[in-house]
Amino acid sequence: MLTLAEACERNKGPILAVLTGVFAASRSVLEIGSGTGQHAVHFARHLTHLVWQPSELGEQLVPLAERIRLEGSPNLRPPIELDVRRQPWPVEAVDAVFSANTLHIMAWDAVEDFFRGVRAVLRAPGVLCVYGPFRYGGAYTSASNAEFDRFLRQRDPASGIRDFEALARLARAAGLEPAADYAMPANNQTLVWRRPVPE
Ligand SMILES: C[S@@+](CC[C@H](N)C(=O)[O-])C[C@H]1O[C@@H](n2cnc3c(N)ncnc32)[C@H](O)[C@@H]1O
């Protein structure tokens with residue numbers, strides 16, 4: 001039986017509403033850390049102008065590939081193995097990169113690799129869209145996010161909710177400009193950066 005993450009069922013509608021605008025001019029999207037594939041299936045089905053490329057770590061690939069085989073629309077590609085720490089990423093250039101709930105799971109040096117990889121694969125113009133919980137000015141956006149962060153760090157001290165300002169620094173170093181920050185249900189955010197066309 002395929003795993004169904006309840007959070008994905010709840011957040012896929014609100015995220016799609018944002019992506020519909022943010023990815024309007026994009027034709028190809030690379031998703032990092034696709035997890036169960038629920039997001040990839042939902043977004044590809046509704047954003048039919050896009051080719052959606054899901055990816056995951058090796059150990060997660062089999063169930064992800066199975067969901068995509070069973071539920072995927074024609075514009076959803078079979079998933080590829082992609083560990084952000086292994087550079088260069090095994091993909092061609094794309095118009096957009098999407099990732100949900102990954103930056104607080106991977107260690108900080110992998111977050112740095114994430115932005116390094118985005119820099120290498122994103123076309124100009126291009127867009128990076130990251131969904132999840134973040135801290136601002138060192139403060140959590142809710143008590144439940146503070147509790148979630150304690151849980152994450154107890155389970156894996158290298159993980160944890162990331163500071164928006166630290167991500168913004170990595171984005172700037174990767175040649176990205178801040179474009180939007182959408183407040184989402186359940187104290188999450190969708191952060192958007194754009195790579196401008198060089199002058
Ligand atoms: C909390 S899950 C989120 C899954 C899905 N995106 C979602 O929103 O439900 C975090 C995902 O990040 C992936 N991940 C962790 N470290 C990674 C890395 N170094 N490279 C790529 N993906 C990674 C995990 O395999 C996992 O599927």
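Predicted model: local features only at pLDDT ≥ 70, side-chain atom pairs only at ≥ 80, totals over all residues.
Residues are numbered from 1 along each chain as its sequence is written, and side-chain values use heavy atoms, with hydrogens and water left out. Local features need pLDDT of at least 70 and side-chain atom pairs pLDDT 80 or more, while totals for chains, interfaces and linings use all residues.

**View 1. The shell around the ligand.** The ligand is surrounded by 17 residues, each with a heavy atom within 4 Å of it. G33, E56, D83, V84 and A100 are the closest.

View 2. A polar contact here is a pair of N or O atoms within 3.5 Å. An oxygen atom of the ligand lies 2.3 Å from a polar side-chain atom of E56. A ligand nitrogen atom is 2.9 Å from an N or O atom in the side chain of D83, and a ligand nitrogen atom is 3.0 Å from a polar backbone atom of V84.

**View 3. The largest pocket.** A pocket is an open set of points on a 1 Å grid over the protein atoms alone, where a 1.4 Å probe fits, with protein on both sides within 12 Å along at least five of seven lines; lining residues have an atom within 4 Å of a point. The largest pocket holds about 1200 Å³ of space. Its lining has 48 residues, and A100, N101, T102, H104 and I105 are the closest to its centre.

**View 4. The second largest pocket.** This pocket holds about 180 Å³ of space. Among the residues that line the second largest pocket are S28, V51, R77 and R123.

Methods:
Polar contact = N/O pair within 3.5 Å; in protein donor to acceptor, adjacent residues only side chain to side chain. Points joined across faces, edges and corners; volume = space filled by probe spheres on them.
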